[in-house]
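Visitor: I am new to this structure. Please take one part and look at it closely with me.

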Amino acid sequence: MKCKVCDRKAENEYCELHEKAYRNIVKEHDAWKKASDVSWKQYLNELVNNPYTGVWAREVAEHLMKSEEK
Ligand SMILES: [Zn+2]
């Protein structure tokens with residue numbers, strides 16, 4: 001299998017680095033949901049537009065946004 005984001009070899013949907021970033025995104029979103037009523041899409045949008053988002057997380061967020069639009 002190939003990583004959905006970068007085409008590197010992957011065990012699951014993502015390669016090791018994107019998998020890690022993805023898990024962080026999900027975890028962070030859970031924390032955000034408790035603090036504010038932000039939707040998954042809004043949250044991904046925030047991540048992509050935040051200059052402090054790491055490169056891996058940004059790539060995953062962009063990928064997730066694209067797959068949301070389908
Ligand atoms: Zn990857």
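In which helix does Glu19 lie?

Guide: Glu19 lies in helix α1. A caution comes first: the model is predicted.

Start with the residue itself. Glu19 has a relative accessible area of 17%. The cut-off for buried is under 20%, so Glu19 counts as buried. Now look for its partners further along the chain. Leaving aside neighbours within four places in sequence, Glu19 is in contact with Asn12 and Tyr14.

Next, take the helix around it. Helix α1 covers residues 16-35. At 1.5 Å a residue, its 20 residues should span 28 Å. The C-alpha atoms at its ends are 29 Å apart, which agrees.

The buried residues of α1 are His18, Glu19, Ala21, Ile25 and His29. They cover an arc of only 160° around the axis, so they sit on the same side of α1. An α-helix has 3.6 residues a turn, so residues three or four places apart point the same way. Turn to the other side of α1. There, Glu16, Lys20, Arg23, Lys27, Lys34 and Ala35 are exposed. Val26, also in helix α1, is partly exposed at 30% relative accessibility.

What does the buried side meet? The buried residues of α1 pack against α2 (40-49) and α3 (55-69). Follow α3 for a moment. Its 15 residues should span 21 Å at 1.5 Å a residue. Its end C-alpha atoms are 21 Å apart, which agrees. In α3, the residues Ala57, Val60, Ala61, His63, Leu64 and Met65 are buried. The buried residues of α3 pack against α1 and α2. Val26 and Val60 are 34 residues apart in sequence. In space, their C-alpha atoms are 11 Å apart.

Now go back to His18, another of the buried residues of α1. His18 coordinates the zinc ion through ND1. The other donors are the SG atoms of Cys3, Cys6 and Cys15. The coordinating distances run from 1.9 to 2.3 Å. Along the chain, the donors follow the spacing C-x2-C-x8-C-x2-H. The 4 donor atoms subtend angles of 104 to 115° around the zinc ion, which makes the arrangement tetrahedral. Cys3 and Cys15 both lie in the segment before α1, so this pair ties together parts that are 12 residues apart in sequence.

Cys3 is buried, with a relative accessible area of 1%. Cys15 is buried too, at 4%. Cys6 counts as partly exposed, at 25% relative accessibility. As for disulfides, a search of the whole structure finds 0.

One last stop is Asp7, also in the segment before α1. Asp7 has a positive phi of about 70°, although it is not a glycine. Most residues other than glycine have a negative phi. At 52% relative accessibility, Asp7 counts as exposed.

Terms used. Residues numbered from 1 in each chain as written. Predicted model: local features only at pLDDT ≥ 70, side-chain atom pairs only at ≥ 80, totals over all residues. Heavy atoms only, no water. Disulfide = S-S within 2.5 Å. Buried < 20%, exposed > 50% of the residue type's maximum accessible area, 1.4 Å probe, protein only. Donors = N, O, S within 2.8 Å, 3.2 Å for Na, K, Ca; no water. Tetrahedral: all angles 85-135°; square planar, octahedral: opposite > 155°, others 65-115°. Helix = DSSP H or I, 4+ residues; strand = E, 2+ residues; numbered from the N terminus. Expected span 1.5 Å × (residues − 1). Arc of directions from axis to C-beta. Contact = heavy atoms within 4.5 Å.
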